[in-house]
Amino acid sequence: MDYTLETTRKKEDLLRAVRSLQVKSENTLQKASPLLSYHQGLGMVKECHIHQLTEKTKTICHDLEDIKNLLCFRQNELVQRIPNPDCTLYGGVNGIHCSLDGIVYVTSENGPWVHLLNRSGQSFQSLQCVEWNRGKEYFLPEDVTVTRSGLVAVTDMVNGAVRIFNPNSKFFKGKWIKIGTFDSPTGIAVDSQGRILVADYILGKVHLFATDHAFKVVSTHTISGLQGPRYVSLVPDGGFVVSEECRDVKLFSPNHKLVASIGNKYGHRFGNPAGVCADTEGNLIVADEQQRKVHLFPPSGSPVCLVSEGLKRPTGVACSAFGQLLVADTGENCIKVFRYRVKPGSIPESPRMGNGNPTLTPREKPS
């Protein structure tokens, strides 16, 4: 049978099944509603019938949510492979962040740079990670994010600090400002109020803080009791999500209360959860470094595997505002871009066109 005809038949079967449920439920509701409103008692309906119907309804609703999610997302649709700009000198690509206008910020395992890429994957600016207070000393950025005011913020795990950089300031040109003192900062993000979130790996904590006009840490808050927190990301409702190495992924509310263990809520077993992010619809996306897969956890329904093949060592993940998923594959030292939405046409076009060729900012390699 022709593939097109076979696909059409499957579509018709699915629509017929959903339509049958809709018609039957509407007919039953029309008959049951007046009887239950104007008659005393339940007739011959017993408690066991109500319980049975309730359980079946939950199952059917869950199955319908799964069908909807499977229709909405794609699997293994690789559209671009972006080499690490530091591939000749340093370790694999590590941290990744995608801004609302489509700029991608990338760090490497052993590279003292933060690279800025456009949507086509071209590096148009490179921020050298160097401290000048005691001469010229390089530091290695672990993860990267961007504040609401446009500052680039990175974690410096070796020196136990967070560093920020203003790429648009003449006064701070080429200078990184060191803020805070931490034990082992790994993942970094910015919440809806502009506060910086830092995962402190060894201490098992997530620190939240703001900075004043002099870049001093203020309004600090700490969440404890985590097992090796690695990456952290904001979710649309103002809360945040944290990955725990070799354990689980935890979701927190805007008031810093634990909402759910993703593993328990979805009945999912993680190997080594690494990068986490959330799209605009509240879908949580987690890269599993051990299982070499990327899963999406919708607000309702079962997990959806977005990437099941072609990854060697996925670490960081980020969602673009234009319907793409970016995965930092440290094992192959590149960024892999996937189309994970079925209807990319509904996503607005980026103001930064991919066919541009911005001038590369000159870089000085460390001697």
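Between which two strands does the loop that holds Val235 lie? Val235 is placed in the loop between strand S16 (229-234) and strand S17 (240-244), where strands (E, at least two residues) and helices (H or I, at least four) are DSSP runs numbered from the N terminus. The model is predicted, so local features need pLDDT of at least 70 and side-chain atom pairs count only at pLDDT 80 or more, while totals for chains, interfaces and linings use all residues. Residues are numbered from 1 along each chain as its sequence is written, and side-chain values use heavy atoms, with hydrogens and water left out.

Val235 has a relative accessibility of 7% and therefore counts as buried (under 20% relative accessible area; exposed is over 50% and partly exposed is in between, with a 1.4 Å probe and protein chains only). Leaving aside neighbours within four places in sequence, Val235 is in contact (heavy atoms within 4.5 Å) with Phe240, Val241, Leu251, Ala278 and Leu284.

Thr155 belongs to strand S9 (residues 152-156), and its side chain reaches the backbone oxygen of Thr186 at 2.5 Å. Beyond residues up to four places away in sequence, Thr155 touches a set of residues including Leu140, Pro141, Ala161, Val162, Thr186, Ile188 and Val198.

Turning to the surface, Val18, Leu21, Ile60 and Leu64 form a nonpolar patch with about 280 Å² of accessible area together. Patches are made of residues with over 30% relative accessible area and no salt bridge, joining like charges within 9 Å and nonpolar side chains (Val, Leu, Ile, Met, Phe, Trp, Tyr) within 5 Å. A salt bridge is a side-chain nitrogen of Lys or Arg within 4 Å of a carboxyl oxygen of Asp or Glu, and accessible areas come from the Shrake-Rupley method with a 1.4 Å probe, with only the protein chains shown counting as cover for residues. Helix H1 (3-38) and helix H2 (47-72) each supply at least two residues of the patch. Ile60, located in helix H2, is partly exposed at 36% relative accessible area.

As for the cysteines, a search of the whole structure finds 0 disulfides (pairs of cysteine sulfur atoms within 2.5 Å). Cys319 has its closest cysteine sulfur in Cys277, but at 3.5 Å this is too far for a bond. Cys319 is buried, with a relative accessible area of 14%, whereas Cys48 is partly exposed at 49%.

Conventions
A polar contact is a pair of N or O atoms within 3.5 Å; within protein, one must be able to donate a hydrogen and the other to accept it, and residues adjacent in sequence count only if both atoms are side-chain atoms.
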